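This report goes through selected local features of one protein model. Please have the sequence and the coordinates to hand.

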Amino acid sequence: MCRIVNLSIVSNWLRLMSLCMFILSLNGCAVMKSAQEKSWFSPSHPEGEVERNEFSVARGDDVIGRLASIRLEKGDTLPDIARHFSLGVNAISAANPGVDVWVPEAGERIILPLSFILPDTPRKGIVVNLATMRLFQFKEDGRSLLVSTYPVGVGTKERPTPTGQMRVVRKATWPTWHVPASISDDHRKKGNILPATVPPGPQNPLGEYALYLSKSGYLIHGTNKPASIGLNATNGCMRLYPENVKMLFNDTPVNTPVTIVNQPYLVGQRNGVLYLEAHTPQEGSGASELEKINEKLRTIEKKAARTLDWRKIKEVQTEARGIPVPIFEIRQGSENDAAKKPIEVEHPDTLYGRPEIPELKLDAWYVLAADVRDEIDALRIAAVINHQGPHIPARVFSKSNSYRVIAGPFNDINEAKEAAKRLKMDLDIDGIVIEPVKEG
């Protein structure tokens, strides 16, 4: 699976790694320069004031939240920004086409798509829209309706998340994962033997909290792979960020109804303005869902006795950026709501959940994951590895005319071998295990 390299061959190179770390520590000057350059950009909102999850729904309205924007800093990845603002990878990528997910340019301003059109369903209990990969939880608060919303990871094409009516039948903290036979068989074919059960802990894909649904075998749960939120990455269950599933778990009683829908095209109004939100349809559902929303728009057009801008509608549907776009003024003088620009947000000092890279240790084990000529490629590979779950730390070092991606440190050879095995299983990377430096 992986080759053990005697460090007598590469000891000088590993010592160079330590020197590289010292050189990298001198980047404080560049950080100070970045802080000075930020002074001209005065955000109107501290990031802590930006609402991510809890919204009040006005009577007759279908649109919640507000778009925001943030200026990226060196070392940011879109998954890190997404998690900090409770967005899925799908949402932040679609809202910012052309931006590198793993190595975006420092200084680039991106949209935070924190505005949502509610799914076209009864507003009761939990509603999951597979097409938008977002969960909505509705609660009555006296005379008003409150909604909590979180991004989710959903099933793959091979094992899709089912749609329909369900309910929460039980809840569990620190759940044990009973591995389904089909998943066990898939892993066995790849040379990875799974146990019959996986106890609570970092290797458990259910995370710390699980809500079991009335449809047998399907759960809403946490995850040890937070970078998969907003992706078709599960075996049919719905997974949330660890911090989000804790809130949902505490706020959801047993017997709560759960409705799962697939609505890539959404239309709704707020303050007299009609909005359209479009997402890339899941495979096989595009044509039928497009016809459904167009029929709904034709009905609105007929009722209003005014022509909609079908050119703009088609543009929104084609771009599929997942952002509510104003397409029609229902009430005259309602354009003020639609004209609101995204609020500018300060970059947080620390991005919540961003993977931390341990310091290098010469007496530790490492895995050489890649040796490439392009620095951006190396940075991208390192970022992808860093966001594996459970965490595998990785960093980039330059050597001659190439860039090496090194994973580690690991405490012993078994940890290093296990990391190399996971790199092969998850990313098809053939890692080379490197022994510690031997003094003398």
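The sections below cover the model, a helix pair, a cavity and some backbone details.

## Basis of the values

The model is predicted, with local features needing pLDDT of at least 70 and side-chain atom pairs counting only at pLDDT 80 or more, while totals for chains, interfaces and linings use all residues. Numbering starts from 1 along each chain as its sequence is written, and side-chain values use heavy atoms, without hydrogens and water.

## Helices α7 and α8

Helix α7 (residues 286-304) packs with helix α8 (residues 310-319) at an angle of about 155°, and their axes are 13 Å apart. Helices (H or I, at least four residues) and strands (E, at least two) are DSSP runs, numbered from the N terminus. Axes are lines fitted to C-alpha atoms, for helices over the stretch in contact, and angles run from 0 to 180 degrees between N-to-C directions. The two helices, α7 and α8, are therefore roughly antiparallel (the class for angles over 145 degrees).

On the α7 side the contact (heavy atoms within 4.5 Å) is made by Leu290, Ile293, Asn294, Leu297, Arg298 and Glu301, and on the α8 side by Trp310, Ile313 and Gln317. By class, 5 nonpolar, 2 polar and 2 charged residues take part. Ala, Val, Leu, Ile, Met, Phe, Trp, Tyr, Cys and Pro count as nonpolar, Asp, Glu, Lys and Arg as charged, and the others, Gly among them, as polar.

## The cavity

The structure holds 1 cavity of 30 Å³ or more. A cavity is a set of points on a 1 Å grid over the protein atoms alone where a 1.4 Å probe fits but cannot get out, and lining residues have an atom within 4 Å of a point. The largest cavity contains about 120 Å³ of space, a volume being the space filled by probe spheres set on the points.

Its lining has 17 residues, and Phe116, Thr132, Arg134, Glu277 and His279 lie nearest the centre of the largest cavity. At least two lining residues come from each of α4 (89-95), β6 (115-117) and β8 (134-141). The lining comprises 9 nonpolar, 6 polar and 2 charged residues.

## Backbone details

Gly389 and Pro390 are joined by a cis peptide bond with omega of about -10°; Pro390 is in the loop between α10 (375-386) and β24 (394-399). Another cis peptide bond joins Gly408 and Pro409, with omega of about 15°, and Pro409 lies in strand β25 (residues 402-410).

Met133, in the loop between β7 (125-129) and β8, has a positive phi near 55°.

Note on methods: Parallel < 35°, antiparallel > 145°, perpendicular 65-115°, else oblique. 1 Å grid on protein atoms, 1.4 Å probe; cavity = no way out; pocket = protein on both sides within 12 Å on 5 of 7 lines; lining within 4 Å.
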